[in-house]
Amino acid sequence: TEVAKYGEHNNNLIVDAVSHSQTIAIGGASIVRYPLQNRIDFSRSCATTNVDAGISCKLHVSRFITGETYTLSFDYYLHSAPDDNVLFELKDGGTKLGGGNYFASPTTPTGAWSKHTVTFVSINSSTPDSNNIRLLLYSIKNSSVAIKNIMLVRGDKIGTFSPSQVDNAMTRVEQTANSYSIKFLNGANDITTQLNLTNSGVRIKSSLIH
């Protein structure tokens with residue numbers, strides 16, 4: 001059983017959606033960050049085969065469950081027409097969690113900002129306590145794309161762009177036939193306090209014990 005503290009629909013699951021300090025390039029793409037605009041640009045040229053080039057954004061959430069609803073929103077700008085579709089996808093390592101839908105194609109108008117908002121359901125569960133869940137925005141081949149005001153929230157409603165980080169402090173209770181445990185985790189999913197009861201003894205972990 002997990003109980004987490006999440007806010008309303010403006011709690012952004014993207015880590016540092018302003019400066020994109022933990023957003024990385026994939027597929028040989030070049031990236032440029034514009035913190036004052038909540039923006040990141042990616043581009044890929046001279047690819048002769050499909051390379052899935054773009055960006056990979058780290059998320060605050062450490063677990064996705066099959067059937068959960070999420071909403072993604074961002075503004076995008078095509079500097080030039082891409083060779084193929086430009087997509088978003090949620091993955092935990094090699095496991096697809098959701099998405100795979102394209103938001104731009106070779107026929108999408110260039111030189112103007114557009115907004116893309118989509119609600120989707122996770123199709124797979126992630127590995128428990130995963131530190132490898134990523135939102136990918138990429139082109140199948142060559143492209144030059146700007147992304148800003150990116151938000152991923154729980155549920156089917158989304159507010160205006162908010163860079164706020166999710167306060168995902170969590171209480172986790174686990175029970176089996178011969179053990180019982182309570183763990184309190186902070187926003188980085190580090191255990192701050194825990195109590196473990198097993199048939200071999202009791203373990204208490206805390207910085208302060210009264």
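Which side chain meets that of Arg172 in a salt bridge? Here are a few notes on that and on some other spots.

1. The partner is Asp129, with 2.7 Å from N to O. A salt bridge here means a side-chain nitrogen of Lys or Arg within 4 Å of a carboxyl oxygen of Asp or Glu. Arg172 lies in strand S12 (residues 170-176) and Asp129 in the loop between S9 and strand S10 (133-139), so the pair ties together parts 43 residues apart in sequence. Strands are DSSP runs of E, at least two residues long, numbered from the N terminus.

2. A word on the basis: this is a predicted model, where local features need pLDDT of at least 70 and side-chain atom pairs count only at pLDDT 80 or more, while totals for chains, interfaces and linings use all residues. Residues are numbered from 1 along each chain as its sequence is written, and side-chain values use heavy atoms, leaving out hydrogens and water.

3. Arg172 is buried at 7% relative accessibility, whereas Asp129 is partly exposed at 44%. The cut-offs are under 20% relative accessible area for buried, over 50% for exposed and partly exposed in between (1.4 Å probe, protein chains only).

4. The count comes to 4 salt bridges. Among them is Lys115 with Asp75, at 3.1 Å from N to O. Lys115 sits in strand S9 (residues 113-121) and Asp75 in strand S6 (residues 69-80), 40 residues apart. Lys115 is exposed at 55%, but Asp75 is buried at 11%.

5. Asp41 and Arg39 also form a salt bridge, at 2.7 Å from N to O. Asp41 is buried at 9%, and Arg39 is buried at 12%.

Conventions
Helices (H or I, at least four residues) and strands (E, at least two) are DSSP runs, numbered from the N terminus.
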